[in-house]
Amino acid sequence: MGSIRVGASPLSATIKSQLHSNAIAIISLAVALSTFSYTAWRMQRSEDNLTTREAAFQMLVALGEMKQVVYHGHYDHDKVGGNPRTGWVYVETIRDFGSAMPAPVPAKAEALMQSWQKHWEGIGTRDADADAITDALDECRAAVVDTVRSLH
């Protein structure tokens, strides 16, 4: 009759032989795949940081210019430099750039928008309104600066 084999099957011996023969190629493939994965992750992170940094700098410029509008309108009673329509443009720009930033910046930009909507008509007449807007500007600015500092 037939003989019974004890030990490894021919198939498992072939697989072991193939793995042994191609060990360098398999290791090289694993290293290449892990390197590619890390590089792709690193590039994505760098792009995210760059986008955040650019949005942050644009926001800081707009925040400074908006604060200047508030100061001109409230303290100098300058109808041109303190024009509320200009303030609307800045606050909307700040909110738009804030949406490209990580938390808590979007919430601070939205709080600034709410403060502007509630208090812009009091600029030039009520200190409390100018202070509320200035405080919201300062809080938004601090959140943006903290975010930039946290980037690697």
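These legends describe close-up views of a predicted model. Local features need pLDDT of at least 70, side-chain atom pairs count only at pLDDT 80 or more, and totals for chains, interfaces and linings use all residues. Residues are numbered from 1 along each chain as its sequence is written, and side-chain values use heavy atoms, without hydrogens or water.

**View 1. The largest nonpolar core has 23 residues.** A nonpolar core is a set of buried Ala, Val, Leu, Ile, Met, Phe, Trp, Tyr and Cys residues joined through side-chain atoms within 4.5 Å. Buried means under 20% relative accessible area, exposed means over 50%, and partly exposed lies in between (1.4 Å probe, protein chains only). Met59, Met66, Ile94 and Leu112 touch the most other members. Helices α2 (23–74), α3 (84–98), α4 (105–119) and α5 (127–150) each supply at least two residues of this core. Helices here are DSSP runs (H or I, at least four residues), numbered from the N terminus. In soluble globular proteins, nonpolar side chains tend to be buried together.

**View 2. Leu112 and its contacts.** Contact means heavy atoms within 4.5 Å. Neighbours within four places in sequence are left aside. Leu112 then contacts Leu63, Met66, Val91, Ile94, Ile133, Ala136 and Leu137.

View 3. Helix α1 (residues 10–21) gives the most, with three residues. Ile26 lies in helix α2. Ile26 is partly exposed, at 43% relative accessible area.

**View 4. Aromatic rings form four pairs.** Rings of Phe, Tyr and Trp (its six-membered ring) pair if their centres lie within 6.5 Å; planes under 30 degrees apart are stacked, over 60 edge-to-face, and the rest tilted. Tyr38 and Trp41 have ring centres 5.7 Å apart and planes at 40 degrees, so this pair is tilted. They sit three residues apart in helix α2, so about one helical turn separates them. Trp41 is partly exposed, at 45%.

**View 5. Trp88 and Trp116 pair edge-to-face.** Their centres are 6.2 Å apart, with 85 degrees between the planes. Trp88 is in helix α3 and Trp116 in helix α4, 28 residues apart, so the pair links distant parts of the chain. Trp88 is partly exposed, at 24%, whereas Trp116 is buried, at 1%. Ring pairs link Trp88, Trp116 and Trp120 into a cluster.
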